Amino acid sequence: MFLKRIQLKHDRIPSFQQYPFSIPSIKNLHELNLTNKVTFFVGENGTGKSTLLEAIAAQCGFNTAGGGRNNYYDTPASQSDLGEYIRLSWMPKISNGFFMRAESFHQFASHVDEVDATGAYGGRSLHEQSHGESFLSLFLNRFNGRALYLLDEPEAALSPQRQLTFMRIIHDLVTEEDCQFILATHSPILLGYPGATILSFDGGVIQEIDYERTDHYQITKYFLQNRERFLRELLEDE
């Protein structure tokens, strides 16, 4: 464990009527304690999980378009508005790490091609690999020990089988190389990582939730067990 606590500087916020401070989960955030090497942020779109993850990345000095402290490039709207209003508490503080956002991964891959002609990510340009292959190449070749990894929807390009492969990569990095992960995800597979802390942003307050109580688990389970009934209720006219 490196990052221990996230605090919102309420006294510095100009207005809670302005985005992103108007997001209920952000507005109600005072102090969030991290007690696990693997923490998941879950919730519906717009509940603030990616916003907070990007703010953490900004405070860590990572490129908020995607990358680490030494990746200098830019994409539109890549700077967190929330970053300067949070405080991070460490024990010990580290500088190694990476912020990965699925939506701007293409730009990061182009940046890698510009600065690393040797193709260090699996020996090939990330653009010469499938989307899923390039994600796994990043995880296998860029991620290493004593680091904090902030991942926004890493499952976006991964098949269910490769999500399981990624889960094993997380396990190896956590247990053998002393890494810490915070992941925003919609994947019921990744959320099943044993012993992880799951923080729900639904309901306007960030709170810990059991795996079996997440919508991701319950909806997926119901669909698989009652597929015909589920689709009939969803698609047939009343």
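A salt bridge here is a side-chain nitrogen of Lys or Arg within 4 Å of a carboxyl oxygen of Asp or Glu. Keep that cut-off in mind for the close-ups below, which all come from a predicted model.

**View 1. Glutamate 54 pairs up with arginine 101 in a salt bridge.** The gap from N to O is 2.5 Å, so the pair falls inside the 4 Å cut-off. Glutamate 54 belongs to helix α2 (residues 49–60), while arginine 101 is part of strand β5 (residues 97–101), so this pair ties together parts that sit 47 residues apart in sequence. Are these two residues buried or exposed? Both glutamate 54 and arginine 101 are buried.

**View 2. Lysine 37 reaches aspartate 178 through a salt bridge.** Here the closest N and O atoms are 2.9 Å apart. Lysine 37 is found in the loop between β2 (31–33) and β3 (38–42), and aspartate 178 in the loop between α5 (160–177) and β7 (180–184), so parts that are 141 residues apart in sequence get tied together. As for accessibility, lysine 37 is partly exposed, at a relative accessible area of 23%. Aspartate 178 is partly exposed too, at 25%.

**View 3. Aspartate 178 also forms a salt bridge with arginine 146.** This one comes in at 3.1 Å, N to O. Arginine 146 lies in the loop between α4 (131–141) and β6 (148–152) and aspartate 178 in the loop between α5 and β7, so the pair links parts 32 residues apart in sequence. Arginine 146 has a relative accessible area of 44%, which makes it partly exposed.

**View 4. Helix α6 (residues 215–225) crosses helix α7 (residues 227–235).** Two packed helices are described by the angle between their axes and the distance between the axes. For α6 and α7, the axes come within 5 Å and cross at roughly 105 degrees. Angles of 65 to 115 degrees count as roughly perpendicular, and α6 and α7 are therefore roughly perpendicular to each other. On the α6 side, the contact is made by Tyr222, Phe223, Leu224 and Gln225. From α7 come Arg227, Arg229, Phe230, Leu231 and Glu233.

How values were computed:
Residues numbered from 1 in each chain as written. Predicted model: local features only at pLDDT ≥ 70, side-chain atom pairs only at ≥ 80, totals over all residues. Heavy atoms only, no water. Helix = DSSP H or I, 4+ residues; strand = E, 2+ residues; numbered from the N terminus. Buried < 20%, exposed > 50% of the residue type's maximum accessible area, 1.4 Å probe, protein only. Axes fitted to C-alpha atoms, helices over the stretch in contact; angles between N-to-C directions. Parallel < 35°, antiparallel > 145°, perpendicular 65-115°, else oblique. Contact = heavy atoms within 4.5 Å.
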